[in-house]
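Dear colleague,

Please find the structure and its sequence below.

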Amino acid sequence: MRIISYDDRGVPSLGVLTSDDTFACVHDTDPALPLTLDGLLGLPEGLDRLRRTMAGVTGNQPLAGVAYAPLLAHPHAFWALALNFKTHLAETGLTTSQVHPQIFLRVPASFVVPNAPLVAPPPDVARAFDYEGELGVIIGRGGRHIPIDRALEHVAGYCAVNEGSVREFQRHNRQFGLGKNFEHSGSYGPWMMTADEFGDPAKHGLITRLNGVERQKAPLDDMLFSVAQVINYLSTGYTLQPGDAIAMGTSGALPPAPDDVAGNDLSAQVRGIPIPGSVHMRPGDVVEVEITGLGTLRNPIVADLPSTYRGAPAATKAPA
């Protein structure tokens, strides 16, 4: 199943795609089911009940123009990985642990819904606003101390993620912090494809396009740590909850073609490590993240309001 969250005249609703262009409203079929994906995943056997409910249903509501709502209404935690693709490690020259995944958190306010605009910081605040196409994992069954060989049993499904990053602020501290959490800087969706339909993540691939030009393209088996390994690691210290999400890290940039002016212009890059083929997101751009076999997440880029920020405050002497 492919499950969407949408706004039905101010009411949160769930839909199940019945084709690439149409969906059926879950509430119309079974009013007793929750109106949010979080609520559905919190029900014992919630996905199985939905699957039985929607069997044979022919939905004819058009997907075009639907008002998407956040796929997860109230995610308990949205984890994310840094430096988890070998191609990304190679292009940056950075190093990471080969034993422990590098994990941080994103707040819900940093994400917008599919088709909604990502907000680029004013250029006097930050200019390195970068796309990061990633595989998103949504937990369906919680648990602690989950063994690797049982980890995928805890996955409800998968989505695409654009883990948009403001590089200047990311470099302000070792925790990434605000640089990974600018308001409305990322997105995920457009739907959750259930794990039974998506299959083995390692057999799929990732593509990121900026203004129709492919900027990232990598197989998901290029990940240093697999979905199962990350679930095992997280559950060592934290009881995973239904509706938790994990962004699995981004791949390296595609080498630019000889005539690719934007991809070859390293002088236009203001990040710490210039990377051929990487292009910052700017107002007026359109970014797409595709997970093969799953679907494409699309967002335009707009400019943020002017800011009063003018650099780090001067150090002050602590009071005696």
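Predicted model: local features only at pLDDT ≥ 70, side-chain atom pairs only at ≥ 80, totals over all residues.

Residues are numbered from 1 along each chain as its sequence is written, and side-chain values use heavy atoms, with hydrogens and water left out.

An open sheet of mixed pairing is formed by five strands in the order S8-S18-S17-S14-S15 (strands are DSSP runs of E, at least two residues, numbered from the N terminus; two strands pair if DSSP finds at least two bridges between them). Strands S8 (118-120) and S15 (213-219) each have a single partner strand, so one side of each is left without a neighbour in the sheet. Within the sheet, S14 (residues 205-210) and S17 (residues 286-291) run antiparallel and are joined by five bridges; Thr-208 has Val-289 in S17 as its bridge partner.

There are zero disulfides (pairs of cysteine sulfur atoms within 2.5 Å). Cys-25 is buried at 6% relative accessibility, and Cys-159 is buried at 2% (buried means under 20% relative accessible area, with a 1.4 Å probe and protein chains only).

One cavity of 30 Å³ or more was found (a set of points on a 1 Å grid over the protein atoms alone where a 1.4 Å probe fits but cannot get out; lining residues have an atom within 4 Å of a point). The largest cavity holds about 100 Å³ of space. It is lined by 15 residues, and Glu-91, Tyr-131, Gln-216, Arg-271 and Ser-278 are the closest to its centre.

Yours sincerely

How values were computed:
Helix = DSSP H or I, 4+ residues; strand = E, 2+ residues; numbered from the N terminus. Buried < 20%, exposed > 50% of the residue type's maximum accessible area, 1.4 Å probe, protein only. 1 Å grid on protein atoms, 1.4 Å probe; cavity = no way out; pocket = protein on both sides within 12 Å on 5 of 7 lines; lining within 4 Å. Points joined across faces, edges and corners; volume = space filled by probe spheres on them.
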